[in-house]
Amino acid sequence: MRMLRSALAMSSVLALGLTACSTSATTTSSAPAPAETSASSSAPAESSAPAESSAPAEGDIPMGDGTQTIYLVSKGFQHRFWQAVKQGAEQAGEEFNYKVEFVGPENEQAVTQQLDQLRTALQSQPAAIGFAALDSGAAGPVLEEIQAANIPIIAFDSGVDSDIPLTTVSTDNRAAAAEAAKNMAELIGNEGTVGLVCHDQTSATGKQRCEGFQEWMQENAPDVKLLEPQYAFEVGLAANTAKAIIQANPDIAGIYGSNEASAIGTLQGAVESGTDVVVVGFDSGKAQLDAIRNGDMAGAITQSPVKMGYETVVAAIKAIDGQELPKVIDSGFAWYDATNIDDPEIAANLYE
């Protein structure tokens with residue numbers, strides 16, 4: 001199965017803000033510039049950063065004394081995305097003289113393990129905590145304990161069903177999923193049956209990436225028939241899910257995978273089914289980049305994971321200093337395909 005590379009012209013780059021960063025975790029790589037995030041003038045309105053979003057200004061970031069620790073509890077280490085977030089966090093820690101502890105559970109379904117890690121973070125009494133919630137509601141009691149201990153907490157990647165985090169550093173996942181839907185619609189000629197393999201039903205990220213895709217299609221592509229979302233959090237399960245979707249819908253035109261694992265699994269399932277179906281993904285990783293370069297996957301949305309980690313630590317430092325933070329810090333996203341994958345603005349945000 002091979003997609004025509006000329007099927008879609010390069011889409012506008014949306015709110016990236018990260019101009020140069022290495023994807024190798026070294027202490028000498030330059031930190032991503034914390035410039036303000038803004039959408040291209042040609043970008044669709046739904047892809048703009050929220051009005052209250054802004055990136056911290058470099059001059060407002062106080063230096064640490066090297067003794068304080070910022071503890072980040074992520075969603076895991078199984079995807080390259082989290083390794084890139086860790087890299088950005090460590091860059092900021094080194095630049096501003098803070099220790100950074102970065103942990104995560106074994107997989108993105110391990111809610112109990114993640115909550116235990118959050119409790120461990122609290123017990124270590126760090127200067128600040130960053131938290132990317134697997135279950136946006138389950139962490140409430142632990143967050144209340146952290147607040148009672150006067151430890152500032154910064155949400156990143158996923159929002160939390162709580163007013164306790166002082167800000168959320170994240171991709172606008174709903175707008176990013178809408179951009180994926182827009183490109184999917186163009187690729188299939190704005191008609192046909194489209195399936196969704198979403199990666200979870202509990203995190204804000206998982207819900208927004210599924211809902212944003214559905215909402216755009218329902219509002220803008222009336223001739224596209226959307227199937228009910230199916231859920232798969234790892235490659236093998238996503239492959240089997242995609243094969244089941246294809247078998248049940250022989251006329252299927254496209255399938256969307258909402259994260260790295262679900263996208264690669266969806267592609268695998270499509271290839272194994274021998275069906276010429278358009279696959280659109282989210283995130284990057286070597287397998288996804290290779291598939292887009294050789295035309296097997298039509299394209300995907302990339303986030304700015306290094307910048308996300310960097311800005312989370314910067315926001316934590318500002319919180320430690322008592323500075324007021326915006327409600328949301330938008331870390332940006334863009335559509336990439338075979339036509340723009342090697343453009344500098346895109347390549348800086350891809351990770352293997």
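**The disulfide and its setting**

Modeller: Among the contacts in the protein chain with a separation of 6 or more, 77% are made by residues 24 or more positions apart, a contact meaning heavy atoms within 4.5 Å. This is a predicted model, in which local features need pLDDT of at least 70 and side-chain atom pairs count only at pLDDT 80 or more, while totals for chains, interfaces and linings use all residues. Residues are numbered from 1 along each chain as its sequence is written, and side-chain values use heavy atoms, with hydrogens and water left out.

The chain has 352 residues, and 57% of them are buried; here buried means under 20% relative accessible area and exposed over 50%, with partly exposed in between, for a 1.4 Å probe and protein chains only. There are 10 helices and 13 strands in the chain, which are DSSP runs numbered from the N terminus, helices being H or I of at least four residues and strands being E of at least two.

The part I would look at closely is the disulfide, a pair of cysteine sulfur atoms within 2.5 Å. The model contains 1 disulfide, formed by Cys-198 and Cys-210, whose sulfur atoms are 2.2 Å apart. With Cys-198 in strand β6 (residues 192–198) and Cys-210 in helix α5 (residues 204–220), the pair ties together parts that are 12 residues apart in sequence. The torsion about the S-S bond of these two cysteines is about 75°, and therefore the disulfide is right-handed. Both Cys-198 and Cys-210 are buried.

Ser-74 is found in the loop between β1 (69–73) and α1 (80–96), where its relative accessible area of 0% makes it buried.

Ala-319 sits in helix α9 (residues 305–320) and counts as buried at 12% relative accessibility. Leaving out residues up to four places away in sequence, Ala-319 touches Pro-152, Ile-154, Leu-166 and Leu-325. The C-alpha atoms of Ala-319 and Ile-151 are separated by 9.3 Å, although the two residues are 168 residues apart along the chain.

Asn-150, in the loop between α3 (140–148) and β4 (153–156), has a positive phi of about 60° although it is not a glycine, and at 69% relative accessibility Asn-150 counts as exposed. Asp-283, in the loop between β10 (278–282) and α8 (286–293), is also a residue other than glycine with a positive phi, near 75°, but Asp-283 is buried, with a relative accessible area of 5%.
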